[in-house]
Amino acid sequence: MKTKIGVFFGGRSTEHEISVISANQAMAAINRDKYDVVPIYITKDGHWYTGDALCDVANYKKGIKNLLADCTEVYMRPIYGDYNLYPAKRQGIFDKGKPVATLDVVIPVLHGSNVEDGIFEGVLETIGIPYAGCNTLSSANGMDKITMKMILAADGIPVVDYVWFTDKQWGREKDKLVESIESRLGYPVIVKPANLGSSIGIGSAHSREELIARIDDAGRYSSRIIVEKMIKNLQEINCSVLGDADDYETSVLEEPIKSGDFLDYKMKYMGDAKGARGMQASKKRIPAELPDEETAMIKHLAGETFRVLGCHGLSRVDVMIDADTRKIYVNEINTIPGSLSFYLWEAAGVRFDELMDRLVRLALKRKRSQETKTTSFDANIFAMGGGVKGAKGYKGVK
Ligand SMILES: Nc1ncnc2c1ncn2[C@@H]1O[C@H](COP(=O)(O)OP(=O)(O)O)[C@@H](O)[C@H]1O
Ligand SMILES: [Mg+2]
């Protein structure tokens, strides 16, 4: 029997549509001689659907309502070891709710908050099904730009200088925060909500007035805000990493070509060409033209970022070069990168179908390794001498 891969995409995320494109690219690449593919689309309000119609991007143009009319709503139970996909609605009283499919492994192709940040990965951990990519901890740390920078900086990985605070702090102590940003970073700065992607809510500020407006805006998206020193003469380079924290390899480097102050949502996904289709359409130079030492340093930093954050599967690390000083900073990690960075692996000699195969094998390998760890003890603490008397909170137990 072929291994059944559940590909999850969509979700309650600002990057919902990008995920639909990434997942369709990935599903088309999976070798069907070896694997069966079950698409599972998460709607913007969090319902799960499956059906063949989901495997063709053209069907999404008909409108989601029409598309879902051809699909079955499904769910999984949060029960360890139950890999079944159940129909959400029964067809009459004789319908026993027989599973629609039993999955062997999951590949989440989800981007952004609520899905790529460990929340969805936690659901998969609860079920215990093998899945590709980062676990809850590394996904969460990778998504939050503040936590990520703290961890990287603590391990000696260069990140730009920053100040962070919550929206409530901003409401309470605006003047103090402006003062600390001005004295520590100066202008210009970049203001970002801590946990969104695709440049949403991000903007530059060259004056106090702009700074205040940008922070007010970022606060509409997230309760955690980061303000960074802006690299004025910026060169951006991306590098994908594949493997696990103990054994990984890095891809060819890409240089996304930007126009204007920074890559905004529209530019990133629509490219310059009118009607261009998604991420592949944005302009990039592959491989990036850099001196050998810089290429080696960027690959090293990308690998270190993946290792230090405890990543797994496939990620893309984005670095920023200050073109005036040639100093390199790690900007961020995308734990489920757009198009799964397949084009960076193709350029490195790994075909897209091989990449998907590698992800499945990594998922199964992690599951086998997890099974060697002790998760419970047989000893019955309740039957031991002393019972629960010594247990904390005993007094409160009635
Ligand atoms: N410190 C910075 N200096 C200059 N430009 C920046 C800086 N941080 C981000 N940018 C620009 O903004 C873009 C989006 O920021 P990023 O942190 O990558 O957020 P996202 O998660 O939305 O991709 C970057 O690709 C880069 O062009
Ligand atoms: Mg980015």
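Q: Which residues of helix 5 (residues 145-154) are buried?
A: In this predicted model, a residue counts as buried when its relative accessible area is under 20%. In helix 5, this set consists of Lys145, Ile146, Met148, Lys149 and Leu152.

Q: Within what arc do the buried residues of helix 5 fall, seen down the axis?
A: An α-helix has 3.6 residues a turn, so residues three or four places apart point the same way. The buried residues of helix 5 line one face of the helix, because, viewed down its axis, they fall within an arc of 165 degrees.

Q: Which elements do the buried residues of helix 5 pack against?
A: Contact here requires heavy atoms within 4.5 Å. The partners of the buried residues of helix 5 include both helices and strands. They are helix 4, strand 8 (162-166), strand 9 (189-193), strand 11 (224-229), helix 10 (292-308) and strand 16 (327-334).

Q: Which backbone nitrogen does a side-chain oxygen of Asp144 reach at the start of helix 5?
A: A polar contact needs N or O atoms within 3.5 Å. At the start of helix 5, a side-chain oxygen of Asp144 comes to within 3.0 Å of the backbone nitrogen of Ile146.

Q: Is Ser139 buried or exposed?
A: Ser139 belongs to helix 4 (residues 136-143). The limit for a buried residue is under 20% relative accessible area. Because the relative accessible area of Ser139 is 1%, Ser139 is buried.

Q: Which backbone oxygen does the side chain of Ser139 reach?
A: Leaving aside residues up to four places away in sequence, Ser139 touches Glu116, Asp117, Gly118, Glu121, Cys134 and Thr335. Its side chain also reaches, at 2.7 Å, the backbone oxygen of Asn135.

Q: At what angle do helix 7 (residues 174-184) and helix 8 (residues 208-218) pack?
A: Two packed helices are described by the angle between their axes and the distance between the axes. The crossing of helix 7 and helix 8 is right-handed. Their axes are 11 Å apart, and the angle is about 120 degrees.

Q: How many residues of the contact of helix 7 with helix 8 are charged?
A: From helix 7, Lys174, Val178, Ile181 and Glu182 meet Arg208, Leu211, Ile212, Ile215 and Asp216 of helix 8. The residues of this contact comprise five nonpolar and no polar, and the charged ones number four.

Q: Is Thr372 buried or exposed?
A: Thr372 lies in the segment after helix 12 (352-371). A polar atom of the Thr372 side chain is 2.6 Å from the backbone oxygen of Ser369. Exposed residues are those over 50%; Thr372, at 60% relative accessibility, therefore counts as exposed.

Methods:
Residues numbered from 1 in each chain as written. Chains lettered and ligands numbered in written order. Predicted model: local features only at pLDDT ≥ 70, side-chain atom pairs only at ≥ 80, totals over all residues. Heavy atoms only, no water. Helix = DSSP H or I, 4+ residues; strand = E, 2+ residues; numbered from the N terminus. Buried < 20%, exposed > 50% of the residue type's maximum accessible area, 1.4 Å probe, protein only. Polar contact = N/O pair within 3.5 Å; in protein donor to acceptor, adjacent residues only side chain to side chain. Arc of directions from axis to C-beta. Axes fitted to C-alpha atoms, helices over the stretch in contact; angles between N-to-C directions. Left-handed = near helix turned anticlockwise from the far one by under 90°. Nonpolar A, V, L, I, M, F, W, Y, C, P; charged D, E, K, R; others polar.
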